[in-house]
Amino acid sequence: MACRDSERTSRLTSEKTEGGPLCPESYRKNSDMEGKLLSIVENFNRQYLHLFPERKPLLLCPENECGVKKFVCATLRPTPPSFPELCHWDGCASFVADFLSLEPLEPPVNLPSCVCSPSSVLHKQRGSCFDFSILLCSLLLGAGYDAYCVSGYASKHMCLLDQSLQECPLLHTHIKVVMSEQKSEENKYRVKPVEKLTSHFLEAQEKKKQGVVMDMSPQPTPEEDTTSHPPDSLLGLRVHCWVLVLSGCRDITENFFIEPLTGNRYSNSDDNFLGIESVWNHLNYYVNMQNCSNGCAGMLYDLEDLNMWEPVFYGISSRKQLIRAQRSNEIQMLRSWVSELMISNKDLETRWPGGKKATCYRKAQLEMFAPYLMSDGLVTRLITYKDLECSEVVMVKEWYKHRCDHVQEREIDKTNNITIERFACGQNFHLKTLRYETLSAVSDSRRHMEFYSAPRVDGLLERTEAPGEMTETFKGRDDFLYYRHVVFRRVQFSEPEITLDPDPRSMEKIVELFHRNRSKPAREDVAERVFLLAKRQIKLTYHLEENDIIPGTRVFIKPKEATETHKAQDFTLDLVSGYQVDPSAGPPQQHLLYEELLALTEEEEEATRSFIASKAEVRAILTSRQQEEDNMQLYLSPWSTIGVEKARQRREERERQAEEEQRWLQEKETDFLAPYLIRHGDPDTLNSEDAQQIHQEYLGDSRQLQKTRADIIQGHYDKQTEELQKKQQWYQQNQLSLNRQQEEEYQQYCRDATLRIKVITQRLRKYTRTHTHMHTDRHTQTHTHTHKHTHTRLQKLHWKKSDLTSLQIRNK
């Protein structure tokens, strides 16, 4: 314990040293008014210790994170809620319990020597129970509640946040929801069963006659293994801090406690709270004068009663009078020295320190994750165990958000090896629930699928697939079909069945049920249709009329088809049998029965095709689910700060990749070696032989290009000279007949042509001189330029510098 105490002291000292210069001035020193108030409080404390030497000291003026003594009432900073979630007490309590991590008091029987400001606690996301309570009370006061911090004593598991023997609240909520759903499904107008009236006296007399003594008391039921907390040697001495909410504000009708470590609400007589020393808010500090030998049960919280509560600021006992006096400047209460509490939207979303939190309950563990923290979108995981040691997993239930495959929940039953997935509306196949036995979904597994029937054209509601059979239920179909059951022979393959197309010949029976079609007479409206494919029979059962008892039936035997040795069997009345409800109606005519048989044969083929399509859809669903799990993606919500941040990161990454691609394209355009590298497959690395071959190819193409350019310039020179000569010949022939304007045009043409020829001559002379110099120096300049770019390019190709140097020497 001494070691842990020294560690806490050293850590607090480092926090003071680090935070001192960075904290506001109000954190690092007291004003004149604060100094006077501290003197008043110290005087009150001396009188209290003198009058009650047997009681423990009060938490009045502990040091803050900068080592300065501050009155605890001024440490509270009422903060109006900035988000709707923080407008109610349970939202504030849940946020504080989730956002902070606990630092237990050391030693647990003493008050803390340092109480940090709630703004620092928000920044560090950790603190003692006093830090929890002060932050929560500040939020509740800002939300309009009459809230107080309570300094007292509590049980060990509450002080240490030990919930290992408590039921998981999420599991309890889930059971409540299931029970409410079951109750809602019951018809409250159903007829109650007749109660069986028996006489307990007669039963007792009968048993007495038989010599059996009847025990009228209820028999004990076997209970689950329960384990209570071990005895605590410090029971009643462990210091704790929690929050008291009084009635009268915000429609609060009765007083209650809030445990800040869990965010739960408790009654004022709860056994976990063992005593109260004092309470305070931002206006006054009250010392409890009531007897706490029986815990908090029976305590009164009328803070204006001076016989039960002793205030530090005496003279104004009413809270309303205190507020009124403060507004009229009759008394100057200290303002909080704490900076404004800033809670961002990101804090509400991230919630837990580090974005995740794990809590152990009785036979369960609850894990919470911030949105987008887990790559698969996991936000909550509940693991239930068979034993108290949590060694054998029974059930794993997971909740997801922002998944592109619309998975919301996944429940894994480890005992029965069953997995249930629940989807939000919008899934590719309109899945609502997928239940299967194994993750690999092998051929002998049983799968049950529920669908959102409204978006589906076929109105499919449920589909259950088991070995050798498939059952489907429908809703809202035009043909009134609501049930289909297919039985087929299983064929053993080495690979799973989902990889193979079903064979229609393996189907043995198809059963279809239909709702009542009011547009037809009931005796002509089919209620059940059975296709016995193996026996080549079709059985029909019709709906009942209002006064009928037995439904009408009809059985068809399909004629045998033609084979190589036998012709097709003719349809006769012997192939039809059944029961006709109305005896007065004549027997149906043969041609009508034959037409009905043809229609039923088409319906049988349609049912077969539907079964094949259903099997294909099952295979597609399982394949799609496997692909979605292998390539898990989350969609980014624009309503969350984390989603916006990740969207910005993705956008910046795409922009960076686009810039790199554009830069690569530009390098490809200016890279003179690119065409030659493409001829060799554009490899990432080159050996010396390939590099030398590419270099020689480039030099040959470069000489050819220089020669081509020189020929083009020479061609321009020859053309301009030839045109000038032709013009001069024309002038010699027509000189005498030219007028003044033609003479001036000829002279202007000669001047322009001479200038063009001069420019071309200079260009040709310069290019020829450069070209000759390059040939004389063995293309030294070209090689230098070539090697400069070649070196850069070949560095990217990881070419050895020794190979480059030897190539340069050989080219020189």
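Mentor: By class, the lining of the largest cavity has eight nonpolar, one polar and two charged residues (nonpolar: Ala, Val, Leu, Ile, Met, Phe, Trp, Tyr, Cys and Pro; charged: Asp, Glu, Lys and Arg; polar: the others, Gly among them). The model is predicted, so local features need pLDDT of at least 70 and side-chain atom pairs pLDDT 80 or more, while totals for chains, interfaces and linings use all residues. Residues are numbered from 1 along each chain as its sequence is written, and side-chain values use heavy atoms, without hydrogens or water.

The residues that line this largest cavity are Leu102, Glu103, Pro104, Leu105, Pro108, Cys129, Cys159, Leu160, Arg238, Val239 and His240, and its volume is about 80 Å³ (the space filled by probe spheres set on grid points joined across faces, edges and corners). The structure holds nine cavities of 30 Å³ or more. On a 1 Å grid over the protein atoms alone, a cavity is a set of points where a 1.4 Å probe fits but cannot get out, a pocket is an open set with protein on both sides within 12 Å along at least five of seven lines, and lining residues have an atom within 4 Å of a point.

Of the open spaces, the second largest pocket holds about 820 Å³, and among its 31 lining residues Ser94, Asp98, Trp352, Leu366 and Met368 lie nearest its centre. Helix 5 gives the largest share of that lining, four residues, and the lining as a whole has 14 nonpolar, eleven polar and six charged residues. Arginine 351, in the loop between helix 12 (345–350) and strand 10, has a positive phi near 70 degrees.

Helix 5 (residues 89–99) also packs against helix 7 (residues 129–142), at an angle of about 150 degrees and with the axes 10 Å apart (axes are lines fitted to C-alpha atoms over the stretch in contact, with angles from 0 to 180 degrees between N-to-C directions). Trp89, Cys92, Ala93, Phe95, Val96 and Ala97 in helix 5 meet Phe132, Leu135, Leu136, Leu139 and Leu140 in helix 7 (heavy atoms within 4.5 Å). By class, this contact has eleven nonpolar, no polar and no charged residues.

Terms used
Helix = DSSP H or I, 4+ residues; strand = E, 2+ residues; numbered from the N terminus.
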